[in-house]
Amino acid sequence: MTQTLETAKAVDRLKIYKVSPELYDAMMTLSNSAAKDVDPTIAELIKIRASQINRCAFCLDMHTHDARENGESEQRLSLIAAWEEAGDLFTEREQAALALTEAITDLSHGPVSDAVYARAAAAFTERELGQVISMAVTINAWNRINAVVQAAPPRR
């Protein structure tokens, strides 16, 4: 008899960074490289928004905590998921980064549209745009690894 998702027993998940430390090292190198020349506030917004879309509790916890530590307001943290409706609470650069992050994260609607790309290209230098793209791609990789191994956020 096949078990449904609701009745399946919990399965111990692989401690991937323990058995594949090279993966962790490579991901950290990628993360550090992607973070170069990206405004730290925009970097956290990218990580939080992608993690919201991907439902990665571990990354959401980490990056909202980091954002708070760096002075991000509770109001802005609460409204990241609805940034388009938040008026001028987010700058044009932040909005462009959030729109691009959403398009990169959810490819079910097709590739990143010309309009979204053009908005980001207008908001950032070429170097910054490359880094913003890299940041979104990197957090999506972390989210997907955590989705498989079901990394749980620490209790604070």
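**View 1. Burial and overall dimensions of the predicted protein.** Of the 156 residues in this predicted model, 37% count as buried, where buried means under 20% relative accessible area, exposed over 50% and partly exposed in between, with a 1.4 Å probe and protein chains only. The accessible surface comes to about 9600 Å², and carbon and sulfur atoms hold 56% of that area; these areas come from the Shrake-Rupley method with a 1.4 Å probe, and for residues only the protein chains shown count as cover. Along the principal axes, the C-alpha trace spans about 55 × 35 × 35 Å.

View 2. You will find eight helices and zero strands here, with helices being DSSP runs of H or I of at least four residues and strands runs of E of at least two, numbered from the N terminus. Among contacts (heavy atoms within 4.5 Å) with a separation of 6 or more, 71% join residues 24 or more positions apart.

**View 3. The largest nonpolar core.** A nonpolar core is a set of buried Ala, Val, Leu, Ile, Met, Phe, Trp, Tyr and Cys residues joined through side-chain atoms within 4.5 Å. The largest one has 25 residues, and those with the most contacts inside it include I42, I46, F124 and V132. At least two residues each come from α2 (21–35), α3 (40–54), α6 (92–105), α7 (114–123) and α8 (126–149), and α8 gives the most, with eight. Zoom in on V132 to see it touch V38, I46, A97, L100 and F124, leaving aside residues up to four places away in sequence.

**View 4. N143 in helix α8.** Have a look at N143, which lies in helix α8. N143 has a relative accessible area of 1%, so it counts as buried. Not counting residues up to four places away in sequence, N143 touches A50, S51, N54, C56 and C59.

**Notes for all views.** Residues are numbered from 1 along each chain as its sequence is written, and side-chain values use heavy atoms, without hydrogens and water. Local features need pLDDT of at least 70 and side-chain atom pairs count only at pLDDT 80 or more, while totals for chains, interfaces and linings use all residues.
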